[in-house]
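Biologist: I'm new to this one and would like to learn how to read it. Could you walk me through it?

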Amino acid sequence: MTSLTRSAFLRLSAAAATAAAAPAKAQPSPKTVRPLLIKGADVLTMDPKTGEVAGADVLVADGKIAAIGKGLSAGGAEVVDATGHILMPGMIDGHRHVWEIADAGRLTKFHPKGYSTYQEWKMRTIVCLTPEDNHLAGLIGGLQAIDSGVTSLIDFAHGQPTQAQALGAARGLKESGVAGWFAFQLGVSSNYGPGSTVSLEQAHALRIARSTETHWRTAAAIQSEVLSGSGPLQMGLCPSTGLGDPIDLVKAEWTRARATGVKMIAAHIHRPEKPHAVGHVGHRGSGIADLFDAGLLGPDFHVAHGNQLTDEELALLRRTGGMICATAMGEFPYVSAGRGASVHGRARAAGVPAGVGVDVSLALPSDYFEHVRAGFWNLYLEPEGRKINGAYKSEDVLDFATRMGAQAIGLGDVTGTLTVGKRADMLLVKTDRIGFGMLGTLADRVVTFAQSSDIDSVWIGGVAKKRGGRMIGHDFTRLKRKLAEAQARFGPQAQSIKFS
Ligand SMILES: [Zn+2]
């Protein structure tokens, strides 16, 4: 039924682009919000200097943590009685494809055979999502992250072949109020749409093709039209070149990416099955030494996955200030593909800040505490990890999603701990549920027992995003209905694309 012609589809996309182009709803600015005084919380600061403070108050002013202590007062402040609750830093997700939430459940990692068609699903779906769909997915995806306690993330935005789609995705994410990075994947292209027959080889080549002037214009438009302000969401770039490409080509693209002024260069890194040719990234190991020799590593360089990074490669990342995110739960299947177990334990031991992340919001649970726990269990898959795990305390596990997690997305000075002067990104966690352990350290209790539904409140930059267990300012019934309507349209459209 829904076999739209390509031209009709483009008209529809253009109409939706106009809708998605509307400016993002104004967010309350931290400066306009009155001070906030959280009273009597058990404060899990994740700051090694302060540790855990039972029954303390936290004062927030101008979006930042102004004081942590007992018996604090502040005239005119909004007072929150947090007795019996745990106040902890907002969590950090270092690698997530936010747009995939648009089709959540279409494929799932718990159905590996179905999930094995992931790349085909992606190639069908990205050409069917309108700019408006991308806007909705960015908004819902950002809200879902916040709802689960994630206040900063890297959105690895690799699902937007057109400028209108990319602008829609960036606007939606910004509107959600989540902090971090909208990292636009350069090179995503398409020349087919609903009803098309296209060769699988060609579709793969377009999925991430070489970046063209069109992609650079899109990047510039996102930066100037959506992410130019001083808001908590910044622009990042994911180069189209990397593993397997000639070093000169990689150098030219990465240098141009950095010249735009972005402070986040993110890349998927898997060690190639066999070494690439001399003069190509990935001639040695996972390509880190090749990038190093070309002068392309730096404190803005962010690796996703990198499971098989050697100690030498980790040392190069440490030396140049690089960062890693191992998407704990998502990494498990890579073990059976011979791609090694999650690197985050070894990275941490090597002094490279490492985080965890959801990766495929399409196919994995949204409860972020599950991902944090998976990070720990994952380490048992390798002898080295088992040794590392043996020395951990619960705060070391939580560290991947808070203090070090923030360092691992380049925001260690901004967020990740409850520290005076840092942005007030905070979660208030209820502990009254039967099954939420009452004994142990605060970190023990959170890491072992917490789940998304225990999150009472979330603040980003001191602005409340969730209170009393409910997200603020969005009509979820309406958003979910809109998403269902979109799925009913683009699902069959995606199925109408044939790969030959
Ligand atoms: Zn990914």
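Modeller: Happy to. Start with the inventory: this is a predicted model, and its chain has 18 helices and 20 strands.

Biologist: What radius of gyration does the chain have, and what would a compact globule have?

Modeller: With 500 residues, a compact globule would come out near 23 Å, and the chain has 22 Å, so the two agree. Along the principal axes, the C-alpha atoms fill a box of roughly 65 × 50 × 40 Å. Of the 500 residues, 52% count as buried.

Biologist: And how do I read the contacts along the sequence?

Modeller: Take the contacts between residues at least 6 apart in sequence: 78% of them join residues at least 24 apart.

Biologist: Which domains does the assignment give?

Modeller: Domain 1 is made of 33–89 + 422–468, and domain 2 covers 91–407. Their C-alpha centres lie 30 Å apart. Where they touch, 18 residues come from domain 1 and 22 residues from domain 2.

Biologist: Which elements give two or more residues to the side of domain 1 that touches domain 2?

Modeller: Those are α17 (442–449), β17 (455–460) and β18 (463–467). Of these, α17 gives the most, with four residues. By type, that side of domain 1 divides into ten nonpolar, four polar and four charged residues.

Biologist: Now helices. How do I describe a packed pair?

Modeller: In general, you give the angle between the two axes and the distance between them. Here, helix α11 (residues 328–336) packs against helix α13 (residues 368–378) at an angle of about 40°, and their axes are 7 Å apart. That angle makes α11 oblique to α13.

Biologist: Which residues in α11 meet which residues in α13?

Modeller: From α11 come Ala328, Met329, Glu331 and Phe332, and they meet Glu370, His371, Ala374, Gly375 and Asn378 in α13. That contact has four nonpolar, three polar and two charged residues.

Biologist: Let's zoom in on single residues. Is Leu237 buried or exposed?

Modeller: Count the neighbours: a residue is buried if 20 or more other C-beta atoms lie within 10 Å of its own. Leu237 has 31 of them, so Leu237 is buried. You'll find Leu237 in strand β10 (residues 233–238).

Biologist: What does Leu237 touch, leaving out residues up to four places away in sequence?

Modeller: Its partners include Ala183, Phe184, Ala219 and Val262. Leu237 and Ala157 are 80 residues apart in sequence, yet 8.9 Å apart in space, C-alpha to C-alpha.

Biologist: Phe184 is on that list. Where is Phe184 found?

Modeller: Phe184 sits in strand β8 (residues 179–185). It counts as buried because it has 28 C-beta neighbours inside 10 Å. Beyond four places in sequence, Phe184 touches Ala157, Ala166, Ala219, Ile222, Leu237 and Cys238. Phe184 and His215 are 31 residues apart in sequence and 9.4 Å apart in space, C-alpha to C-alpha.

Biologist: One last feature: how do I read backbone phi?

Modeller: The general idea is that most residues other than glycine have a negative phi. Against that background, look at His305, with a positive phi of about 80° although it is not a glycine. His305 is in strand β12 (residues 301–305), and it counts as buried, with 26 C-beta neighbours inside 10 Å.

Biologist: And what is the phi of Asp359?

Modeller: Asp359 has a positive phi of about 65°, and it is not a glycine either. Asp359 lies in strand β15 (residues 359–360) and is buried, with 27 other C-beta atoms within 10 Å.

Notes
Residues are numbered from 1 along each chain as its sequence is written. This is a predicted model: local features need pLDDT of at least 70, side-chain atom pairs count only at pLDDT 80 or more; totals for chains, interfaces and linings use all residues. Axes are lines fitted to C-alpha atoms, for helices over the stretch in contact, and angles run from 0 to 180 degrees between N-to-C directions. Angles under 35 degrees count as roughly parallel, over 145 as roughly antiparallel, 65 to 115 as roughly perpendicular and the rest as oblique. Two residues are in contact if their C-beta atoms, placed from the backbone, lie within 7 Å. Ala, Val, Leu, Ile, Met, Phe, Trp, Tyr, Cys and Pro count as nonpolar, Asp, Glu, Lys and Arg as charged, and the others, Gly among them, as polar. The radius of gyration is taken over C-alpha atoms; the globule rule is 2.2 Å times the number of residues to the power 0.38. A residue is buried if 20 or more other C-beta atoms lie within 10 Å of its own, exposed if 12 or fewer, and partly exposed in between; C-beta atoms are placed from the backbone. Domain bounds come from an automatic or database domain assignment.
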